[in-house]
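Subject: The structure I promised, with notes

Hi,

Here is the structure I said I would pass on. Have a look at it first, and then read on for what turned up in it.

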Amino acid sequence: MDTPFIVIAYSVYLPVTIMLTYYVARVLFSNGKVFMLDIFRGREEIAFATNKLFQVGFYLLNIGFALLMLKAETGVYNTQGLFEILSLKVGRFSIYLGLMLFANLYLFFRGKRKSKENQLRAEGKLVEPKPEE
């Protein structure tokens, strides 16, 4: 008995999406340590712990989304259909993963900006605007 094409599609889709998630998380959070150290002003323990927690959340969110996208809406009956469904599913997931990467970068930069503002405020170098009457 031949293996149905949809089983082959699932067997390719899951490892590809999990490896993509692993690769993006590894690049993002190995470079994110620098941002975390800056945000937490060199306090390594809390910076690395926060970075690790963000990384676990990244894995859970993205692998969960990949699993939700697993089901094919149409049947796959030949090799052409197999390649088309895989490119569609992996392409959509890659775009989603890219958006998640940029969302995390936004959070890193926002945290860095807030940390800098708090530092300037503590040093008395940041002047708060007076409320208008």
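A residue is called buried here if its relative accessible area is under 20%. Please keep in mind that this is a predicted model.

With that cut-off, the buried residues of helix 2 are Ala 47, Thr 50, Asn 51, Gln 55, Phe 58, Asn 62 and Ala 66. Helix 1 and helix 3 are among what covers them.

Beyond its neighbours within four places in sequence, Asn 62 is in contact with Thr 21, Phe 93, Tyr 96, Leu 97 and Met 100. Gln 55 is also found in helix 2. Its relative accessibility is 13%, so Gln 55 counts as buried too, the limit being 20%. Once residues up to four places away in sequence are set aside, Gln 55 touches Ala 25 and Phe 29.

Now to the nonpolar core. The largest one has 25 residues, and those touching the most other members are Tyr 13, Phe 29, Met 36, Phe 58, Phe 93 and Phe 108. Two or more residues of this core come from each of helix 1 (5–39), helix 2 (44–68) and helix 3 (79–122). In soluble globular proteins, nonpolar side chains tend to be buried together. Tyr 13 makes contact with Ala 66, Met 69, Leu 70, Leu 86, Lys 89, Val 90 and Phe 93, again leaving aside neighbours within four places in sequence.

The aromatic rings deserve a paragraph of their own. There are six aromatic pairs by the rule used. In one of them, the ring centres of Phe 29 and Phe 58 are 5.6 Å apart and the planes meet at 70°; angles over 60 degrees count as edge-to-face, so this pair does. Phe 29 belongs to helix 1 and Phe 58 to helix 2, so this pair links distant parts of the chain, 29 residues apart. Both Phe 29 and Phe 58 are buried. Phe 29 also pairs with Phe 108: the centres are 6.3 Å apart and the planes are at 80°, so this pair is edge-to-face as well. Because Phe 29 is in helix 1 and Phe 108 in helix 3, the pair ties together parts that are 79 residues apart in sequence. With a relative accessibility of 1%, Phe 29 counts as buried, and Phe 108 does so at 3%. One aromatic cluster is formed by Phe 29, Phe 35, Phe 58, Phe 108 and Phe 109. Elsewhere, Lys 33 lies over the face of Phe 48, 5.7 Å from the ring centre.

Last, the helices themselves. How does the span of helix 3 agree with 1.5 Å a residue? Its 44 residues should span 64 Å, and the end C-alpha atoms are 64 Å apart, which agrees. For helix 2, the 25 residues should span 36 Å, and the end C-alpha atoms are 36 Å apart, so this agrees too. At the start of helix 3, a side-chain oxygen of Asn 78 comes within 3.3 Å of the backbone nitrogen of Gln 80. After helix 3 comes Gly 124, with a positive phi near 75°.

Happy to talk any of this through.

Best wishes

Methods:
Residues numbered from 1 in each chain as written. Heavy atoms only, no water. Core = buried A, V, L, I, M, F, W, Y, C linked by side-chain atoms within 4.5 Å. Buried < 20%, exposed > 50% of the residue type's maximum accessible area, 1.4 Å probe, protein only. Helix = DSSP H or I, 4+ residues; strand = E, 2+ residues; numbered from the N terminus. Contact = heavy atoms within 4.5 Å. Expected span 1.5 Å × (residues − 1). Polar contact = N/O pair within 3.5 Å; in protein donor to acceptor, adjacent residues only side chain to side chain. Phe/Tyr/Trp six-rings, centres within 6.5 Å; stacked < 30°, edge-to-face > 60°. Lys NZ or Arg CZ within 6 Å of the ring centre and 35° of its normal.
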